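This report walks through one structure, part by part. Please look over the sequence and the model before reading on.

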Amino acid sequence: MGNIVAIVGRPNVGKSTFFNRLIGERKAIMDDESGVTRDRHYGKTEWNGTPFTVVDTGGYVVGSEDVFEAAIRRQVEIAIEESDVVLFMVDTQSGLHPLDEEFAKVLRRYDKPIMVVANKAETLDRTQQAAEFYTLGFDKIFPISAQTGSGTGDLLDEVVKHLTPTSGIAPDEGIPRIAIIGKPNVGKSSFVNLLLGEERNIVTDIAGTTRDAIDTHYKSFGKEFILTDTAGLRRKNRIKDSIEFYSVMRTLRAIEQSDVCIMMVDAQEGITSQDISILRLAEKDGKGMVLMVNKWDLIEKDHMTYKRYLDVIRQKISPMDYIPVLFTSVLNKQRVFQTIETAIRVYENKQQRVPTSKLNEVMQQVIAHYPPPAYRGHHIKIKYITQLPTRVPSFAFFCNHPKYIPETYRRYLENQLRKHFDFEGVPIRLYFREK
Ligand code: GDP
Ligand code: GDP
């Protein structure tokens, strides 16, 4: 159904090394509470055109080297329930370890694609050693080296066989799929319950293929939309343990299954760096976005509060300042339906196709007004522009020296596109091509 790949395994087998190889670089985020930076353990990558989200589960529960604690067991269960492929990593250097067997015991209970990744197999000796892991009871074993990258191609070829190959030109279903995401306690369930309280508007509940996932097909103001994963939000406190890990897994899943994400934050807490990091992931994934600052009723206000608050948020989410921001109170039903309407509008913006003639008429003026700077005597000329037939609004600028278009000019063009056409809430892509 989705494209989420989790890496599980005992400490020190090389999970984070492999994660870094897949993601390219380890992204650090600031922990708002402690003020220190820490690593982000999820990210987006792709193999042969199939995009997927990778999660390094080791980053969330720090278990000890030799005790399989309840928390780890729970975490492995969540990882497998919430992902589409599990990479079970073991270490050919140290060989089979009693903890590997504990992980295997949990994993064997599930009917999901599980691949044993026998890491640190740089030598022939260790590659042959990998065979001992067959005793864990899985038939797919891939000797790799996370450090050198050897063997990883074969592994990824197998991984993507179990994922959805979204080509980027797949049409949407025509009805916006909206996900409500955000940290625990910001008001997500209250929001969903308020919407679903309007029973007369609900068309059907669509049972998803993943356990627990119920999507609600909803009709209101003459607009149809699907709220994804309403069950997960309505059933509160399914688990109290591994809260952060669980909420991250859930969020990644929700983003994948939606066209537009409504990110809820608590007005008193403000937007956190974790929220921003999630928004960046959604942007990378090409999702529409709406920011909902909830519990606005709890903020003491004067005539400047709104503007000041908005300025701070816009600055924090920059350069994603095209995301609409709403100040709501689910409790007082303030701007709740307006938020949904905004999300639907964002979806419509995302579907928008600008006719080539209109695009060129507007953008050629923009370019004439402020042409690209010459590069080492090369005069750069953009000849024409066209919108590509992609899921995420993308524009190709055909020009003589695409390599020499500076980032600042790219931003100028993006801002101008946004100024002349309504892409509020929608990530857009610009490509420069040789003509
Ligand atoms: P994690 O605890 O499972 O995330 O493991 P790490 O990624 O932190 O790696 C644990 C240790 O194994 C580190 O010292 C890594 O440098 C080392 N390591 C990771 N991958 C490889 C590999 O492919 N080959 C070798 N020889 N060492 C590796
Ligand atoms: P979730 O964990 O994100 O699903 O959050 P909940 O919906 O469970 O809400 C957490 C708490 O915040 C509950 O006690 C809600 O009653 C409260 N809450 C939700 N929305 C609002 C709001 O707009 N204003 C205030 N004051 N409280 C709210």
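Is asparagine 48 buried or exposed? Asparagine 48 is exposed, because 9 other C-beta atoms lie within 10 Å. The scale behind that answer is this: a residue is buried if 20 or more other C-beta atoms lie within 10 Å of its own, exposed if 12 or fewer, and partly exposed in between, with C-beta atoms placed from the backbone.

## Basis of the model

This is a predicted model, in which local features need pLDDT of at least 70 and side-chain atom pairs count only at pLDDT 80 or more, while totals for chains, interfaces and linings use all residues. Residues are numbered from 1 along each chain as its sequence is written, and chains are lettered from A and ligands numbered from 1 in the order in which they are written.

## Overall layout

The protein has 435 residues, of which 39% count as buried. It contains 13 helices and 18 strands; these are DSSP runs, numbered from the N terminus, with helices being H or I of at least four residues and strands E of at least two. Of the contacts with a separation of 6 or more, 72% are between residues 24 or more positions apart. Two residues are in contact if their C-beta atoms, placed from the backbone, lie within 7 Å.

Three domains divide the protein: domain 1 (4–161), domain 2 (177–351) and domain 3 (356–434). Their bounds come from an automatic or database domain assignment. Between the C-alpha centres of domain 1 and domain 3 the distance is 41 Å.

## The six-stranded sheet

Six strands form an open sheet in the order S4-S5-S1-S6-S7-S8, and the pairing is mixed. At its edges are strand S4 (42–47) and strand S8 (141–143), each of which pairs on one side only. From one strand to the next the twist averages 30°. Two strands pair if DSSP finds at least two bridges between them.

Strand S7 (residues 114–119) is joined to S8 by three bridges, and the two run parallel. Within this pair, valine 116 stands opposite isoleucine 141. S7 also pairs with S6 in the parallel sense, over six bridges, and there methionine 115 of S7 is the bridge partner of leucine 87. How many residues of S7 are buried? Six of the six are buried, so S7 is largely enclosed by the rest of the structure. On one side these are Ile114, Val116 and Ala118, and on the other Met115, Val117 and Asn119.

## Helices across the sheet

Helix H1 (residues 15–23) lies across strand S1 (4–8), S4, strand S5 (50–56), strand S6 (85–91) and S7, and runs at about 150° to S5. Helix H3 (residues 98–107) lies across S1, S6 and S7, at about 165° to S6. For these angles, axes are lines fitted to C-alpha atoms, for helices over the stretch in contact, and angles run from 0 to 180 degrees between N-to-C directions.

Alanine 104 is part of helix H3. With 19 other C-beta atoms within 10 Å, alanine 104 is partly exposed. Leaving aside residues up to four places away in sequence, alanine 104 touches Leu136 and Gly137.

## Surroundings of the two ligands

Around ligand 1 there are 15 residues, and Gly14, Lys15, Ser16, Thr17 and Gln147 come nearest. A residue counts as near if its C-beta atom, placed from the backbone, lies within 6 Å of the molecule. H1 supplies the largest share of this shell, three residues.

Ligand 2 has 16 residues around it, the nearest being Gly187, Lys188, Ser189, Ser190 and Leu331. Helix H6 (residues 188–197) gives the most to that shell, with three residues.

## Backbone details

Asparagine 48 sits in the loop between S4 and S5, and its phi is near 45°, a positive value in a residue other than glycine. Asparagine 185 also has a positive phi, near 80°, and lies in the loop between strand S9 (177–181) and H6. Asparagine 185 counts as exposed, with 12 C-beta neighbours inside 10 Å.

Serine 318 and proline 319 are joined by a cis peptide bond, with omega about 5°. Proline 319 lies in the loop between helix H10 (305–317) and strand S15 (325–327).
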